[in-house]
Amino acid sequence: MTNTSQQVGWEFWGSELKNRREGAGLSQEEMGRRLFASHALISRFESAERRPRLDMAIQIDQVLQTDGFFERLCRKLLEASPYASYFAAVAELEQVATRICEFESMSVPGLLQTAAYARAVTLAGNPYATDEYIESLVRARLERATILKGDDRPSYWAVLHEAAMRVPVGGPTVMAEQLEHLAQLARERKIVMQVFPFAAGPYPSMGRMVTLMEFDDAPPTAYTEGVYSGNLLDEPAVVKRTQQSYDLIRAAALSPEASLALIESAAEDYKPCASTT
């Protein structure tokens, strides 16, 4: 399913929500109260400006007594996404987030990856896949990154463990290009980048990575990822605790200025090796 047909599908989902909500005699405000959500979020669902998570679709079916209609359609649309099923909703939320904060311990965050780096990472996890499949995943990842290019881009802050800079993904040439890309984004002030150095020791346990997102019309969320699985968290207490752990990591990381210098230095370290490969 193409991105255009997916959008049409979500527009249909939203229009059906509006039709069935009105048929049940509920205002957006009342619908929101029953779902523990804002009326603005319901409005965005109905206009397809915001796409629901599966658990929200299930709750809508319960409120409107629609016998699983919204859940089934939501599942179909999510399965048609170019992203893994557990990540599809996260990719949608990135598009409407006003602030994104990320921590990665072993690799560069997806939104910051170059094509060559993304290709090397994808191939490492899919060694038997066809070139066509690999390229489709790389294109999807690069498409996500376009949210950092516009004037309305979200505020983006990343903390990258130094280990991610030292693991030679794709070889020296790819790494030199990738690190220079990070440095350029930081120099252009499109992102705030910090490096968590080896010398800082351990960091609060949050798994391999974490993404925190804030929105204009909805509570913040946190996303963590495991082996072929992901957890999108929106319980306020859990998100708050995750934010506190992230703040501890950020506090122990190098300053943005020192981080930029280290990234530039690491890029230079890879270049002599790249020239001989």
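Threonine 114 is buried, with a relative accessible area of 9%, where buried means under 20% relative accessible area, exposed over 50%, and partly exposed in between (1.4 Å probe, protein chains only). The model is a predicted one, in which local features need pLDDT of at least 70 and side-chain atom pairs count only at pLDDT 80 or more, while totals for chains, interfaces and linings use all residues. Residues are numbered from 1 along each chain as its sequence is written, and side-chain values use heavy atoms, leaving out hydrogens and water.

Threonine 114 sits in the loop between β1 (99-104) and α7. Helices (H or I, at least four residues) and strands (E, at least two) are DSSP runs, numbered from the N terminus. Leaving aside residues up to four places away in sequence, threonine 114 touches Leu142, Glu177, Gln178 and His181, a contact being heavy atoms within 4.5 Å. Isoleucine 100 is 14 residues from threonine 114 along the chain, and their C-alpha atoms are separated by 19 Å.

Next comes helix α7 itself (residues 115-125), where Tyr117, Ala118 and Thr122 are buried. Looking down the axis of α7, these buried residues fall within an arc of 130 degrees, so they line one face of the helix; the arc is taken from the directions from the helix axis to the C-beta atoms. As a general point, an α-helix has 3.6 residues a turn, so residues three or four places apart point the same way. The cover over the buried residues of α7 includes α8 (131-144) and α10 (172-187).

Helix α8 also holds arginine 144, which counts as buried because its relative accessibility is 7%. The side chains of arginine 144 and glutamate 94 are joined by a polar contact of 2.7 Å. Such a contact is a pair of N or O atoms within 3.5 Å; within protein, one must be able to donate a hydrogen and the other to accept it, and residues adjacent in sequence count only if both atoms are side-chain atoms. Beyond four places in sequence, arginine 144 touches Tyr83, Phe87, Ala91, Glu94, Gln95, Gly110 and Leu111.

Glu94 belongs to the buried set of α6, along with Ala88, Ala89, Val90, Ala91, Glu92 and Leu93. With 7 of its 9 residues buried, helix α6 (residues 88-96) is largely enclosed by the rest of the structure. Its buried residues pack against several elements, among them α5 (69-79), β1 and α8.

Over in the strands, β3 (residues 192-196) is mostly covered, with 4 of its 5 residues buried. Strand β2 (residues 155-161) pairs with β3 in the parallel sense over 5 bridges; two strands pair if DSSP finds at least two bridges between them. Histidine 161 stands opposite phenylalanine 196 in β3.

As for cysteines, cysteine 74 counts as buried at 0% relative accessibility, and cysteine 101 does too at 2%. The count of disulfides is 0, taking a disulfide as a pair of cysteine sulfur atoms within 2.5 Å.

Stepping back, the protein chain has 12 helices and 6 strands. Its radius of gyration is 20 Å, close to the 19 Å that the globule rule gives for 277 residues, so the chain is as compact as a globular protein of that length. That radius is taken over C-alpha atoms, and the globule rule is 2.2 Å times the number of residues to the power 0.38. Of the 277 residues, 45% count as buried.
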